[in-house]
Amino acid sequence: MPEARPQTRVIRSLSVLLTSCLGFTSAHAQDPQPLFDQPIQEQHLRLPPDPLNPHTKPEVACFHYPGLMIKQVDLGEKGAARLAIISVPPDKKAPPCTRQKARGERVVDSTDWAGYFEGVKAPFVFFTSDDGRNDGQGFAVFTQEGRKIFADLSSGLHRIELLSPPQRPEDRPWHSSLLKLRYERIHLASCSLRAATEACWQTIRQATGLSASQPPDCSASYEAEEKRVPAGLREQVAADPSVIAYEVEVVLDDGGTVQRVTPVSEARGCWAAQ
């Protein structure tokens with residue numbers, strides 16, 4: 001379907017921004033700790049400009065943490081040209097911050113994830129996607145070894161916490177760290193609440209764990225799109241999948257096992273997929 005009217009998208013974007021800001025305010029009121037670890041050092045090396053794209057500002061950025069360095073090679077195109085994770089042994093120095101690939105540099109495969117570096121919550125590394133969709137932004141969690149263990153779509157991370165592992169290894173498969181995330185999840189349903197409200201809401205509840213008996217009201221978004229398109233296409237608009245926003249808490253370990261996914265709010269918004 002054609003994209004929604006600009007004013008419709010602006011209203012939703014403002015709503016997401018307000019929700020996200022309120023979430024950040026609430027989270028920091030309870031927990032003053034920042035989302036990510038503060039880097040020990042941050043380096044930015046400007047690269048020669050591309051004569052074919054003089055408006056771009058290519059650079060290499062390196063972010064240093066205890067035992068870890070993240071390198072981002074950004075040539076000014078959509079998404080970083082290279083994202084890499086480098087482990088730094090305690091008795092070694094980090095490699096120079098250059099465009100050249102360093103020994104031991106673990107490059108994130110572009111088919112696995114494309115985007116930008118977001119931050120570190122040791123031993124986890126966070127990246128964002130190179131573009132948004134359905135009023136959300138993709139994010140991914142990687143281990144220090146360069147392995148992706150979790151990815152989702154969100155309007156903003158509200159809280160990131162490291163949890164202490166159980167005292168006894170037999171309590172669960174043994175891994176060194178547990179990570180708890182809280183954020184507003186953007187869920188793309190496989191059906192349309194406009195076309196089949198009751199059946200689709202049951203499908204969404206099963207997929208998300210939301211418990212409300214009644215679905216959120218998606219009518220404003222669908223009606224705005226239906227008014228915009230020719231009359232003959234309105235039935236197609238009604239069939240567009242629905243997008244649901246709700247707050248979620250996720251706990252996972254550094255082995256990639258998702259321990260728990262818990263909705264902590266009911267649906268905060270509903271609109272037609274773009």
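Is Cys 191 buried or exposed? Cys 191 is buried, with a relative accessible area of 18%. Buried here means under 20% relative accessible area, exposed means over 50%, and partly exposed lies in between (1.4 Å probe, protein chains only).

## About the model

This is a predicted model, in which local features need pLDDT of at least 70 and side-chain atom pairs count only at pLDDT 80 or more, while totals for chains, interfaces and linings use all residues. Residues are numbered from 1 along each chain as its sequence is written, and side-chain values use heavy atoms, with hydrogens and water left out.

Helices and strands are DSSP runs, numbered from the N terminus: helices are H or I with at least four residues, strands are E with at least two. Two strands pair if DSSP finds at least two bridges between them.

Strand β3 covers residues 68-74 and is mostly covered. Seven of its seven residues are buried. Both faces are covered. Leu 68, Ile 70, Gln 72 and Asp 74 lie on one side. Met 69, Lys 71 and Val 73 lie on the other.

β3 pairs with strand β2 (residues 59-65) through seven bridges, and the two run antiparallel. Val 60 stands opposite Val 73 in β3. The hairpin of β2 and β3 has two residues between the strands, and Gly 67 takes a positive phi near 75° there. β3 also pairs with strand β4 (residues 82-87). Six bridges join them, again antiparallel. Here Leu 68 stands opposite Ser 87 in β4.

## Three disulfides

A disulfide is a pair of cysteine sulfur atoms within 2.5 Å. By this rule the count comes to three. With bonded cysteines counted along the chain, the pattern is 1-2, 3-4, 5-6.

Cys 62 and Cys 97 form one of them, with sulfur atoms 2.1 Å apart. This pair links distant parts of the chain. Cys 62 sits in strand β2, and Cys 97 in the loop between β4 and β5 (105-107), 35 residues apart. The torsion about the S-S bond is about 95°, so this disulfide is right-handed. Cys 62 is buried, with a relative accessible area of 0%. Cys 97 is buried too, at 11%.

## Two further links

Cys 191, from the opening question, is joined to Cys 200 by a disulfide (S to S 2.1 Å). With 85° about the S-S bond, the link is right-handed. Cys 200 is buried, with a relative accessible area of 1%.

Cys 218 and Cys 270 form another disulfide, their sulfur atoms 1.5 Å apart. Cys 218 lies in the loop between α2 (197-208) and α3 (219-228), and Cys 270 in strand β13 (residues 269-272), so the pair ties together parts that are 52 residues apart in sequence. The torsion about this S-S bond is about 75°, so the disulfide is right-handed. Both Cys 218 and Cys 270 are buried.

Strand β8 (residues 136-143) and strand β9 (residues 148-163) run antiparallel, joined by six bridges. The bridge partner of Ala 140 is Ala 151 in β9. β8 and β9 form a hairpin with four residues between them. In the turn, Gly 146 has a positive phi of about 85°.

β9 also pairs with strand β10 (residues 178-188). Seven bridges join these antiparallel strands. The bridge partner of Leu 163 is Leu 178 in β10.
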